[in-house]
Amino acid sequence: MEFEALNPNLYAQVLDELELIPSTKPYQILFYGSRERGDYHPESDLNFYLVAHSTDQMKSQFIDSISRALQKLEDVAPVNMIAGDADSLRHRLKISEPGSVQLLEASSVFFGEGLFEDLKTDWDKWKEREIPKSDLMQYLEKRIRFFKQQVTRNVKDEIAQLERITTLTLHIWALQNIEDLTHIELLKMDTPDQLVPLFTNLYRKELEAPIWELLELQTKVRKLKVDIRWKREVSREDIHETKYKLISLRNDEEFMMNLWA
């Protein structure tokens, strides 16, 4: 873990607070992203993944307590936490889902023990297999449908929705068009700063005009996401323009109906 990305005193305070949070089952918090890798820039956020049993995740007080503890690190940078249980993460690993690949290949344990280590043992065996493209594409298509149907409550939600759909669309294109995909490439696809360079450098010969446009859109959405996270003003016109562009590139009338229902 790159302690330079945190603050040693704050880190110790957060660990002390996490130790006091009651849980039905053991849980772990993973630290990942550019702040963990050490290649971050001043606007990079802090990314955490909570691996917890579903019975604990159903308790709002449990999630809220962990969020409050991690929020102490907002003095360093904006904090982003997502959560999942070990079984669902294991399923995603079996199909080489890019987000889970990143967690197992490029994260460190921030708090807790046991769960990540068991997953790592399984992953070290599974990653020697070929990427199960068909199963993975089906999963990613389901994720797109999930995000399309989400009701966004605010600008931050809208941008997150656009970012996920854009990213997943690029993932599916790569699975359909790149024959010799590797797990390292899947990891890079889930790393925001590396996704566009991966496509424009390694897949340049395979790219057609709509994918170049989608990559440009991905860059724009990423900027909107950073702006909203750092509480900068975001133009509603930019968001609507981005929505229409994404719908056009995906040729997705259903998405348009859901967005403005």
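In this predicted model, the count of salt bridges comes to 22. As background, side chains of opposite charge can pair when their charged atoms come close.

Let me start with Glu 158, which has its place in helix α9. Is Glu 158 buried or exposed? With a relative accessible area of 6%, Glu 158 is buried, because anything under 20% is counted that way.

Glu 158 makes a salt bridge with Arg 236, in which the closest N and O atoms are 2.7 Å apart. Since Glu 158 lies in helix α9 and Arg 236 in helix α13, which covers residues 236–250, the pair ties together parts that are 78 residues apart in sequence. Arg 236, at 38% relative accessibility, counts as partly exposed.

Glu 158 also meets the side chain of Lys 243 in a salt bridge, at 2.4 Å from N to O. Here again distant parts of the chain are linked, with Glu 158 in helix α9 and Lys 243 in helix α13, 85 residues apart. Lys 243 is buried, with a relative accessible area of 4%.

Another salt bridge brings together the side chains of Arg 222 and Asp 193, at 3.8 Å from N to O. This pair joins helix α12, where Arg 222 sits, to helix α11 (residues 192–202), which holds Asp 193, across 29 residues. Asp 193 is partly exposed, at 41% relative accessibility. There is also a network, in which salt bridges that share partners join Glu 43, Lys 223, Asp 227 and Arg 232.

Now to the helices. How do α9 and α12 cross? The axes of α9 (residues 155–177) and α12 (residues 209–229) come within 9 Å and cross at roughly 150 degrees, and since angles over 145 count as roughly antiparallel, the two helices are therefore roughly antiparallel to each other. The crossing in which α9 passes α12 is left-handed. By class, their contact has 12 nonpolar, four polar and four charged residues. Among those in α9 are Ile 159, Leu 162, Leu 170 and Trp 173, while those they meet in α12 include Leu 214, Leu 215, Val 221 and Arg 222. That Arg 222 is the residue we have already seen in a salt bridge with Asp 193.

Note on methods
Residues are numbered from 1 along each chain as its sequence is written. This is a predicted model: local features need pLDDT of at least 70, side-chain atom pairs count only at pLDDT 80 or more; totals for chains, interfaces and linings use all residues. Side-chain values use heavy atoms; hydrogens and water are left out. Axes are lines fitted to C-alpha atoms, for helices over the stretch in contact, and angles run from 0 to 180 degrees between N-to-C directions. Helices (H or I, at least four residues) and strands (E, at least two) are DSSP runs, numbered from the N terminus. Angles under 35 degrees count as roughly parallel, over 145 as roughly antiparallel, 65 to 115 as roughly perpendicular and the rest as oblique. A crossing is left-handed if the near helix is turned anticlockwise from the far one by less than a right angle, and right-handed if clockwise. Contact means heavy atoms within 4.5 Å. Ala, Val, Leu, Ile, Met, Phe, Trp, Tyr, Cys and Pro count as nonpolar, Asp, Glu, Lys and Arg as charged, and the others, Gly among them, as polar. Buried means under 20% relative accessible area, exposed over 50%, partly exposed in between (1.4 Å probe, protein chains only). A salt bridge is a side-chain nitrogen of Lys or Arg within 4 Å of a carboxyl oxygen of Asp or Glu.
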